[in-house]
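Student: I am new to this structure and would like a close look at a single part of it. Could you take me slowly through the sheet and what packs against it?

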Amino acid sequence: MSSDSTCQGKSSWPELLGAEGKVAAATIERENPLVEAIIVPEGSMVILDFRCDRVWVWVDKRGIVFQVPGIG
């Protein structure tokens, strides 16, 4: 299992809290081209394995990021 200390590039985006989900995902992928940003609606289930190439972008019903996106 990996940890984010072994992942390359930027790993957390607290500045995107409150941003529109699609804009946040594009920003994440631009700032770290090694990851895929995946928009996840609030209440959805996701796989719990840790991956350096994935960022969950949790959005509320309005499509606004409500949780700090980070590698995982």
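Tutor: What follows is a walk through the sheet, the helix beside it and the core they share.

The model is predicted, so local features are taken at pLDDT of at least 70 and side-chain atom pairs at pLDDT 80 or more, while totals for chains, interfaces and linings use all residues. Residues are numbered from 1 along each chain as its sequence is written, and side-chain values use heavy atoms, with hydrogens and water left out.

The sheet is open and has 3 strands in the order E1-E2-E3, with mixed pairing; two strands pair if DSSP finds at least two bridges between them. Helices (H or I, at least four residues) and strands (E, at least two) are DSSP runs, numbered from the N terminus. E1 and strand E3 (70–71) stand at the edges with a single partner strand each, so one side of each has no neighbour in the sheet. E2 and E3 run antiparallel and are joined by 2 bridges, and Trp 56 has Gly 70 in E3 as its bridge partner.

Across E1 and E2 lies helix H1, running at about 160° to E1; axes are lines fitted to C-alpha atoms, for helices over the stretch in contact, and angles run from 0 to 180 degrees between N-to-C directions.

The largest nonpolar core has 14 residues, and those touching the most other members are Trp 13, Leu 16, Ala 24, Ile 28, Val 55, Val 57 and Ile 71. Such a core is a set of buried Ala, Val, Leu, Ile, Met, Phe, Trp, Tyr and Cys residues joined through side-chain atoms within 4.5 Å, where buried means under 20% relative accessible area, exposed over 50% and partly exposed in between (1.4 Å probe, protein chains only). Helix H1 (21–31) and strand E2 (54–59) are the elements that give two or more residues to this core.

Val 57 deserves a look of its own. Apart from neighbours within four places in sequence, Val 57 is in contact (heavy atoms within 4.5 Å) with residues including Ala 24, Ala 25, Ile 28, Ile 39 and Val 65.

Pro 41, by comparison, is found in strand E1 (residues 36–41) and is partly exposed, with a relative accessible area of 45%. Leaving aside neighbours within four places in sequence, Pro 41 is in contact with Trp 58 and Val 59. The C-alpha atoms of Pro 41 and Glu 20, which are 21 residues apart along the chain, are separated by 12 Å.
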